[in-house]
Amino acid sequence: MAAEIAVVVNGVRSVVPTGTRAREVIGDRSAVAARINGKLSDLDCVLEAEATVEAVGPESDAGLEVIRHSTAHLLAQAVQSLFPGTQVTIGPTIADGFYYDFAPPRPFTSEDLPEIEKKMRQLAKANLKIERSEMAREAAIALFERMGEHYKVEILQGIPEARVSLYRQGEWMDLCRGPHVPSTGYLRAFKLTSVAGAYWRGDEHNAMLSRIYGTAFATKEALDEHLRLVELARQRDHRRLGREMGLYFFDAIAPGQPFYLPKGIVIFNNLIDYIRRLYRRYGFDEVVTPQLYRNELWHQSGHWENFRENMFLAADPEAATATIDTGAEGWRTGYGVKPMNCPGHTFVYRAEKRSYRDLPLRFAEFSRLHRAERSGVLHGLTRARVMSQDDAHIFCTEAQIEDEVAMNLAMVREVYATLGFAQVEFKLATMPDAHLGSVEQWRMSEGKLAAALKRNGVEFEENPKEGAFYGPKIEIYVPDALKRRWQAATIQLDYNLPERFDLSYTASSGSEERPVMIHRAILGSVERFIGVLLEHTGGILPFWLAPEQVRVLSLSEKVEAYAAEVAALLRADGFRASADLRNEKLGFKVREGELAKVPYMVVVGEREAAARSVAIRLLRGEKNQSASLEELRARLKSEPLPG
């Protein structure tokens with residue numbers, strides 16, 4: 001009689017024979033994998049000891065990862081079937097999809113994707129069983145050498161384990177840790193999306209490979225919704241909107257750095273003006289600190305050790321040899337362009353002797369910051385090399401920490417509600433591997449931020465090892481209209497910079513005490529926030545932010561003078577108004593106004609000129625509403641303003 005083992009399946013305890021497969025105890029035919037004692041596993045995994053088993057559904061995060069990983073294998077099988085001689089390399093899952101890198105006889109193009117996808121559907125329909133096996137690493141090396149899979153051999157040579165796992169579907173096989181779905185028939189909703197070049201192991205000195213990207217979901221409905229959002233994101237891409245709305249542009253002469261046009265700087269300045277109004281209300285003082293510091297500052301702050309690969313460095317022009325030393329001791333000479341304001345603000349703090357009566361001190365700054373982002377990650381405004389932050393640093397006592405965090409949480413909620421982000425999510429980012437200060441200090445700091453969040457009724461998740469190198473942080477995320485989550489605001493607690501820069505204040509007892517430093521940004525990078533806001537709104541900004549608030553459209557030459565008069569009157573009222581007096585059809589002018597995302601288009605013809613009235617056409621869908629000039633002015637003045 002076979003030995004028996006106890007298993008707990010989805011919370012229910014039972015006894016089964018040793019050797020029972022996970023799929024047999026789960027009994028859920030929709031499951032794509034199992035979680036055995038917390039580890040993601042194949043449904044065919046054999047149970048040989050007491051275990052806790054959970055079904056992994058196809059629409060769960062783990063289930064989608066299994067589906068996408070298996071679809072990457074399906075892609076590789078289709079490619080090698082259609083293009084003999086192609087070598088496979090790696091095929092991981094990524095956010096919302098997967099990719100697989102190939103070494104083909106010729107590079108793949110987008111024209112190849114329909115044929116490859118058709119073959120994938122044939123293989124999926126064949127419902128090929130997906131089977132896991134193990135073999136000694138040396139035997140696997142010999143096997144893949146015979147197959148001519150030189151990249152797989154290189155991967156195997158770097159694996160320390162003595163045994164490795166392989167997965168077979170039909171006649172095709174791949175090296176893989178798994179897990180995978182039981183058969184190709186489980187893969188019903190997938191789409192290949194693009195082709196790109198990629199260096200082997202990401203090293204530009206290695207061979208160039210062909211990378212095929214794709215996505216997969218549990219259902220066709222979920223796939224269709226994803227593709228709809230992807231197309232909407234393409235239409236709302238802030239780089240595209242920036243061109244159409246005449247806001248900014250980029251040029252190779254200054255990689256990763258936007259050129260703001262007059263309309264773009266309207267958005268930029270209005271956001272900063274809004275934050276400035278909040279600063280006056282919440283008690284922040286604005287400062288401006290230098291752009292360029294001697295590198296000894298960055299050594300003292302810890303940036304030289306932890307951040308210098310992200311900094312632009314400059315040689316000392318007065319040195320005998322004007323060279324840039326990026327080594328560990330390079331801080332002894334040269335300069336660094338500031339990537340953040342915090343070290344400079346410690347000098348503002350210590351410019352005067354401080355008392356406990358002065359605290360909290362809140363210093364804010366909008367200066368330009370520069371970071372040496374790699375060219376491969378640059379992405380318009382959302383990943384640029386230059387940015388302005390609504391950056392502030394608060395110097396306070398231990399007893400003031402929770403109140404200061406609470407105040408900044410209130411500011412975050414107010415700003416994001418004003419700007420149309422209805423939902424805000426919070427995470428507590430904890431100590432990273434590379435950090436300043438002791439573990440005990442970090443745990444204490446993390447506890448203080450957690451206590452402040454709880455005191456303010458904020459639900460949050462922990463984000464392990466994602467704190468700044470000088471302290472833990474509260475990360476604030478906003479989901480946008482395209483269901484993407486953006487990390488924007490941060491509130492960081494720092495005991496290390498006050499220690500490194502020897503900051504102090506005179507306590508009520510007369511003793512010298514160390515202040516605590518809170519780093520805070522609400523919009524974060526103003527550039528990045530503008531990009532996010534444009535994509536969230538599709539360029540249809542709140543009235544107070546719209547670069548051009550009113551455009552007066554003339555119907556004929558006979559009313560040009562009246563149209564110009566209306567625009568001038570509105571400008572005198574303080575509105576950003578213009579007149580389109582071109583000899584073009586109204587439909588053409590309206591379409592151009594819609595493309596520029598002008599909230600109010602005011603149409604004037606002979607009837608309107610005679611009656612001193614206008615016809616209002618709103619960007620948000622309402623059509624031609626007649627109004628007198630005074631009614632128009634009153635309506636514009638009633639538009640809500642922030643702060």
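1. Burial is used here as follows: buried means under 20% relative accessible area, exposed over 50%, and partly exposed in between (1.4 Å probe, protein chains only). By that rule Asp44, with a relative accessible area of 23%, is partly exposed.

2. The model is predicted: local features need pLDDT of at least 70, side-chain atom pairs count only at pLDDT 80 or more, and totals for chains, interfaces and linings use all residues. Residues are numbered from 1 along each chain as its sequence is written, and side-chain values use heavy atoms, with hydrogens and water left out.

3. Helices (H or I, at least four residues) and strands (E, at least two) are DSSP runs, numbered from the N terminus. Helix α3 covers residues 113–125, and its end C-alpha atoms are 18 Å apart, in agreement with the 18 Å that its 13 residues should span at 1.5 Å a residue. The expected span is 1.5 Å times one less than the number of residues.

4. In α3 the buried residues are Leu113, Ile116, Glu117, Met120, Leu123 and Ala124. Seen down the axis of α3, they fall within an arc of 115°, so they line one face of the helix; the arc is that of the directions from the helix axis to the C-beta atoms. An α-helix has 3.6 residues a turn, so residues three or four places apart point the same way. Pro114, Lys118 and Lys125 are exposed on the other side of α3.

5. The buried residues of α3 pack against α2 (61–82), β12 (189–199) and β13 (208–217), contact being heavy atoms within 4.5 Å.

6. Glu117, Arg121 and Lys191 are linked in a network of them.

7. Arg23 forms a salt bridge with Asp44, with the closest N and O atoms 2.9 Å apart. This pair links distant parts of the chain, 21 residues apart: Arg23 lies in helix α1 (residues 22–26), and Asp44 in the loop between β4 (39–41) and β5 (51–56). Arg23 is partly exposed at 33%.

8. Glu365 and Lys338 form a salt bridge at 3.1 Å, N to O. Glu365 is in strand β20 (residues 361–365) and Lys338 in the loop between β19 (335–337) and α11 (342–349), 27 residues apart. Glu365 is buried, with a relative accessible area of 0%, and Lys338 is buried, also with 0%.

Methods: Salt bridge = Lys/Arg side-chain N within 4 Å of Asp/Glu carboxyl O.
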